[in-house]
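Colleague: I am new to this structure and would like to learn how to read it. Could you walk me through it?

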Amino acid sequence: MYPRLMINLDKLKQNLDACASIVHRVPGASMMIVTKGMCADPGIVKLAADHPAVEYVADSRIQNLKTYADKVREKGKKTVLLRLPMHSEASEVVRYADLSLNSEISTIRLLDQEAEKAGLVHQVLLMIDLGDLREGIFYQNEEEIFAVVSEILKMQHIKLHGLGVNLTCYGAIIPKHDNLSLLVELGRKIEKAFSITLQMISGGNSSSIYLIGRGELPEGINNLRLGESFLLGNDTAYGTNIPGTVRDTLVLQAEIIELKDKPSYPIGEIGVDAFGHRPEYVDTGMMTRGIIAIGQQDAQLDSMIPLDHDIKILGGSSDHIIVDLSRCHTQYQVGDVLSFTLGYGGMLKAATSPYVEKVYRGTAQ
Ligand SMILES: *Cc1c(COP(=O)(O)O)cnc(C)c1O
């Protein structure tokens with residue numbers, strides 16, 4: 001069946017090995033593998049759970065953790081909820097996540113109650129916002145940080161596992177020695193003030209890994225949470241390829257359902273397209289146009305690269321993508337399959353669409 005997403009487990013294993021060898025240059029550092037970009041695909045979860053260098057397997061959605069909490073725990077590893085818990089999911093969070101990222105004391109109180117009911121201790125990573133302006137207590141607001149820590153330390157069923165920061169995802173702020181050092185300093189201050197030891201100072205996601213290569217990761221950061229760097233080999237700070245990784249771990253395939261010579265410029269008055277945008281076209285005369293049976297429901301047009309570089313993506317609607325095949329050396333026909341490598345957005349869409357069949361390649365199953 002098409003469209004389908006080919007998942008190369010051998011290449012993903014290669015990426016995981018490469019990320020692990022970089023993270024392990026930091027003495028005592030742990031690696032958290034993030035599965036949300038591939039919608040917690042079972043083959044990828046298994047790869048992460050089986051890998052000796054992975055200590056934590058994480059996702060932003062409790063539904064995804066539910067599918068794999070048992071399998072990960074069986075291997076002696078911990079599950080992590082990355083997105084701040086909703087009040088309404090607190091009971092599920094303590095059940096399926098060993099650790100969750102938090103910034104709201106009201107939520108942590110609920111987790112404490114639910115953990116008590118379930119007869120367990122739930123671990124919390126307190127998120128600090130160093131300026132990216134997504135989640136976390138703002139780093140300058142030390143009064144709130146210390147008040148929250150103080151209250152957590154009195155709770156019977158919550159354990160403060162450490163501090164964390166997330167950068168780049170929203171504000172596009174790049175992790176540096178300067179800003180990450182603030183997190184380490186804050187951690188040391190908390191340890192001293194409360195006479196405790198924080199197990200984890202988590203220094204961010206795939207945008208932080210480049211700092212290890214440069215020898216600029218501040219001492220004290222002892223965990224990274226890696227999704228895109230493992231899945232697609234991308235250093236997301238500067239968009240370079242992480243040494244030892246490959247980018248073609250995933251290939252999206254779709255079938256040609258129409259192939260005709262037509263004009264490049266639509267005929268008639270131009271209004272708005274299926275998504276309310278007013279498109280602009282360049283008249284380049286007649287072209288060979290193909291339609292493939294996949295659309296914006298399953299794909300992100302600016303996050304997919306044709307393996308045949310002579311193919312140009314012209315646009316698409318919910319269920320159709322239109323490609324220019326005029327310059328191709330291959331003589332395509334209706335029924336042929338076109339292949340694309342993916343960026344993060346393209347991966348997310350394809351992995352999440354129920355219309356895209358997932359097929360494994362490689363033996364690392
Ligand atoms: C998504 C996410 C990650 C992983 O991000 P990548 O860029 O894919 O490595 C890490 N931490 C948090 C809090 C996230 O939401």
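Modeller: Happy to; we will go through the ligand site, then a helix, then some loops.

Modeller: This is a predicted model, where local features need pLDDT of at least 70, side-chain atom pairs count only at pLDDT 80 or more, and totals for chains, interfaces and linings use all residues. Residues are numbered from 1 along each chain as its sequence is written, and side-chain values use heavy atoms, with hydrogens and water left out.

Colleague: How many residues surround the ligand, and which are the closest?

Modeller: A residue is near a molecule if one of its heavy atoms lies within 4 Å of it. Here 14 residues surround the ligand, the closest being Lys36, Ser206, Arg225, Gly227 and Glu228.

Colleague: Which polar side-chain or backbone atoms lie by the ligand's oxygen atoms?

Modeller: A polar contact is a pair of N or O atoms within 3.5 Å; within protein, one must be able to donate a hydrogen and the other to accept it, and residues adjacent in sequence count only if both atoms are side-chain atoms. A polar side-chain atom of Arg134 is 3.0 Å from a ligand oxygen, and a polar backbone atom of Glu228 is 2.8 Å from an oxygen of the ligand. A side-chain N or O atom of Arg225 lies 2.9 Å from a ligand nitrogen. The protein covers 95% of the 390 Å² of accessible area that the ligand has on its own (Shrake-Rupley method, 1.4 Å probe; for residues, only the protein chains shown count as cover).

Colleague: Which residues of helix α2 are buried?

Modeller: Helices are DSSP runs (H or I, at least four residues) and strands too (E, at least two), numbered from the N terminus. Buried means under 20% relative accessible area, exposed over 50%, and partly exposed in between (1.4 Å probe, protein chains only). In α2, residues 42-50, the buried ones are Gly43, Ile44, Val45, Leu47, Ala48 and Ala49. Asp41 caps the N-terminal end of this helix, with a side-chain oxygen 3.1 Å from the backbone nitrogen of Gly43.

Colleague: Is Ser353 buried or exposed?

Modeller: Ser353 is buried, at a relative accessible area of 3%. Ser353 sits in the loop between α10 (344-352) and β19 (357-361), and its side chain makes a polar contact of 2.7 Å with the side chain of Asp298.

Colleague: What is the phi of Thr168, and where does this residue lie?

Modeller: Thr168 has a phi near 80°, a positive value in a residue other than glycine. Thr168 is in the loop between β8 (158-164) and α7 (177-194). Ala172, also not a glycine, has a positive phi of about 60° and lies in the loop between β8 and α7. Thr168 is buried at 17% relative accessible area, whereas Ala172 is exposed at 51%.
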